[in-house]
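Here is a short report on one structure. Look it over first, then read on.

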Amino acid sequence: MHFHTYQNNYQNMKKTVLHEKHLALNARMSPFGGFEMPIQYEGIIKEHNAARNAAAIFDTCHMGEFLIQGAGAVEDLERIVSCSIKDIKIGGCRYGFICNEQGGVIDDQILYRLKENEFFMVVNSATEAGDFKWIREHLSNASSIENLTEQTGKADLQGPAAPKIFSKLMSEPVDEMKFYTFKYNYYRGEKVLTSRTGYTGEIGFEIYCSNDLIKKFWDDCIELGATPAGLGARDTLRLEMGFPLYGHELNQDTNAAESGFTRAIASKNFIGSSAVLDSSKRSRVLTGIVIEGRRAARAGDLVLDSDGNETGYVTSGSFSPTLGIAIAMAYVKPADVGTAVKIKTERGELAAKISEVPFYKGGTVRSDIRKFL
Amino acid sequence: MTPADRKYSRTHEWVKIEGDIAVTGITDHAQDALGDITFVELPKKGSQVSKEKECGVIESVKAASDLYSPISGAISEVNEDLETAPEVINSDPYEKGWIFKISNFNKSELDSLMDAAAYEKFLETEE
């Protein structure tokens, strides 16, 4: 066997405030989005299953956070982000794309409407600096953007056991929290921003607080039974849900509409909208693929139709721990669910079929939180 | 502890002689480095394998790695449990996680394989 050897002294990689905790747990570290991040602790499948069946905690401090506010905030964000802004409720979260003029995706992000004219935006780590610059350049004089990334700690607590753990730690009740909403709460006497959001398909929370406090949150959650989970499990969990990962399913060359996430795209004027809203520009669509067997397809593998003609390419692929088969996402020429395809991997062709997403349909993410308290 | 009853290759396979059959698998170090194993491509029964030549594939969640035969000979048996439960290689790499068996193996090739102590030393130098 030859295998990849992990290290934990990567040059020029940033470290999150939880870095020492990962090393203490013997995590396998790898560069991601400019940070040295934990890929796994005890094992990807164990961590994945903890999120599906119990509770898992993820270090997401590497992600970016901005504050956008001012009298012009709504109008400016309507122009910069693909989703509808004005009807986001105060206390509500909304997913949308930041597009370039050609309709390509600069980043995907989630907006939290804190006040009428005050928005908290969460973005990916690799694109944070570029996002900040782009937004700042496109704001009018009636709004401003502040980069809160450096001073904001973040973690994701996910799984059916997460609500009990979370409610033990938060001072105020969480039983009224609805899916895709946020509230301020108090943890160890400090005000924290918490949301019922996540990237796993299970019920859970994202918490935003000071760097000092996120370390305590990490320890407290583990003490209450949460399993530390790394980027390896984060990837298998989101893939089972058909969620896109920026850099794989989304990049500046993929038209936002090809992603299929039409709820994130409003019929309005925004940067890139002429390309995004023009359906004639769509020759391919992001699709789920299930593979016969356990052998995985990987990003870049070609997808062939049953005649052997190239019909697209894989954006992400992996063995699915919950389903026990390999699954993939790919940009392909539109085809019906059930259509047979082949995937050309480095080691031969895999028989596969076009599938619906999510691949995994048993997730607790939208459940009534009271069932889990 | 590295079992003393077998020999080891520089590519982290082990071989245990049981009469005129050589049983092979991968070491604990290898299974740990690979992470959760999700698929094993086994060589075909009856096929010839050569020492240090690729004869199969082991996939883990994140990657695929070539499996090399530590010794030359003919594949007499493969561990069919690995088709549905490849994770047994992770949990029991030296016993239940055996991968394939070889008959008519080349005995002289055993001499160039490492014993347990030498393999452990080899691991130290690798890091």
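In which strand is M29(A) found?

## M29(A) and its place

M29(A) sits in strand β1 (residues 28-32) of chain A. Helices (H or I, at least four residues) and strands (E, at least two) are DSSP runs, numbered from the N terminus. M29(A) is buried, with 24 other C-beta atoms within 10 Å. A residue is buried if 20 or more other C-beta atoms, placed from the backbone, lie within 10 Å of its own. M29(A) and G293(A) are 264 residues apart in sequence and 29 Å apart in space, C-alpha to C-alpha.

## About the model

This is a predicted model: local features need pLDDT of at least 70, side-chain atom pairs count only at pLDDT 80 or more, and totals for chains, interfaces and linings use all residues. Residues are numbered from 1 along each chain as its sequence is written, while chains are lettered from A and ligands numbered from 1 in the order in which they are written.

## The nonpolar cores

The largest nonpolar core has 62 residues. Such a core is a set of buried Ala, Val, Leu, Ile, Met, Phe, Trp, Tyr and Cys residues joined through C-beta atoms within 7 Å. Strand β17 (residues 326-332) of chain A gives the most to this core, with seven residues. Domain 1 (19-60 + 152-240) and domain 3 (283-356) of chain A both give residues to this core, so it lies between them. The domain bounds come from an automatic or database domain assignment.

Apart from this core lies another, of 36 residues, including F66(A) and Y246(A).

Key. A residue is buried if 20 or more other C-beta atoms lie within 10 Å of its own, exposed if 12 or fewer, and partly exposed in between; C-beta atoms are placed from the backbone.
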